[in-house]
Amino acid sequence: MHAQITGWGKYLPERVLTNKDLEKTVDTSDEWIETRTGIRERRIIADDEAASTMAVAAGRRALEVAGLSPQQLDMVIVATSSPDRIMPATAALVQNELGAEGAAAFDVNAACSGFIYALIIAYQFIAAGACENILVVASEAVSRSIDWEDRSTCVLFGDGAGAVVVQANGNATDMLSFVMGNDGSGADLLYIHHPCGLPTNTHNDKRYYMVMDGKNVFRFGVAALADVSRQVIDAAGLNISDIDLFIPHQANNRITQAAMKALGISSEKVFVNLDRYGNTSAASPAIALCEAVEQSRLKQGDMVVLVAFGAGLSWAATVLRWQPDAYS
Ligand code: UT7
């Protein structure tokens, strides 16, 4: 069975936290953040929001675009590394709130590669004939696990959610190839502890904040974006010049630029919204895909590469032929 993206949506919290705001609370500057990362501002969730509430908002929009009711969903997959609860899955909360009665619901935690992992999983269920309609949402409340006194991490991240609907289609599959992988020897380079993994379960403890070896993650990110893009384009039987738009994980413009330079890709072919949202982890390629469509950066028939890297150390990429109008 073929599969295709037929709907997309995003949700960004209202509250904007600018670099100038951060200057007031940590030893940093707007100039440092912008020149070293490309980030100008990020969104932060309100107290009454969480990964699940953002996922519901993005998911509803994606369902509207697809013209599908929640009751028609066979499966809800939520990619997140900032779940509301360890159990049940955030997807269970999203399924209930949307009213997707009886749909299978589970989370995928592949950190910033999570949306692409989840998308690839959705396509396999449809290809196997096991599902017809799947909602894939990436939602991250990263701000909740940030140490706001640690300038090396707190300036980088933001909250948000992006979603797509994937449907079985008799005509054609828009996912032409995919690559996914992980190198667990790098698990200590970027992590967030959880009480279940520590001998004591003391809360309000700095051990539950994100820890990152920025330099090594930077090196890994440049190599991963370039290598994995090459692999996935080869696997689709295409050349780099055949790709109309690259949507990389929005982590740091210097990482993206170094990787795209290594591939010989001009900046006009690379989608960037990092300046406005920072790094929203798994949600980043999902929000970027949605904005690329909204801004008419993707036309019917275009070839698009989604590519991400993250904690794990994980990586994933896919080549899509953008053809939502071909759904039947
Ligand atoms: O989804 C994946 C998630 N993670 C990433 O993508 C992160 C990858 N890493 C990075 O993006 C970069 O390594 C950072 C943005 C985290 C850091 O940039 P850098 O150019 O590698 O800076 P650095 O770590 O080499 O630090 C240079 C200087 C240091 O000061 P000294 O030792 O030279 O005096 C840092 O203490 O910049 C200092 N610094 C800051 N200064 C102002 C680090 N963070 C800040 C800050 N504001 N926010």
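**The ligand and its surroundings**

Guide: In this predicted model, the ligand is surrounded by 24 residues, the closest being Thr28, Arg36, Lys215, His249 and Asn252.

Visitor: How do the residues of that shell divide into nonpolar, polar and charged?
Guide: The shell around the ligand comprises 12 nonpolar, seven polar and five charged residues.

Visitor: Which helix gives the most to the shell?
Guide: Helix H7 does, with four residues. At least two shell residues each come from helix H2 (30-37), helix H6 (151-154), helix H7 (214-235) and helix H8 (253-263).

Visitor: What lies 2.7 Å from an oxygen atom of the ligand?
Guide: An N or O atom in the side chain of Arg36 lies at that distance. A polar side-chain atom of Arg151 is 2.9 Å from a ligand oxygen atom, and one of Trp32 is 3.4 Å from a ligand oxygen atom.

Visitor: And how much of the ligand does the protein bury?
Guide: The protein buries 74% of the 940 Å² that the ligand exposes when taken alone.

Visitor: Turning to cavities, how many of 30 Å³ or more does the structure hold?
Guide: There is one cavity of 30 Å³ or more. The largest cavity contains about 30 Å³ of space.

Visitor: Which residues line the largest cavity?
Guide: Its lining consists of Pro248, Gln250, Ala251, Asn252, Asn253, Thr256, Phe271, Val272 and Leu274. By class, five of these lining residues are nonpolar, four are polar and none is charged.

Note on methods:
Residues numbered from 1 in each chain as written. Predicted model: local features only at pLDDT ≥ 70, side-chain atom pairs only at ≥ 80, totals over all residues. Heavy atoms only, no water. Near = heavy atom within 4 Å. Polar contact = N/O pair within 3.5 Å; in protein donor to acceptor, adjacent residues only side chain to side chain. Areas by Shrake-Rupley, 256 points an atom, 1.4 Å probe, with all protein chains shown as cover. Nonpolar A, V, L, I, M, F, W, Y, C, P; charged D, E, K, R; others polar. 1 Å grid on protein atoms, 1.4 Å probe; cavity = no way out; pocket = protein on both sides within 12 Å on 5 of 7 lines; lining within 4 Å. Points joined across faces, edges and corners; volume = space filled by probe spheres on them.
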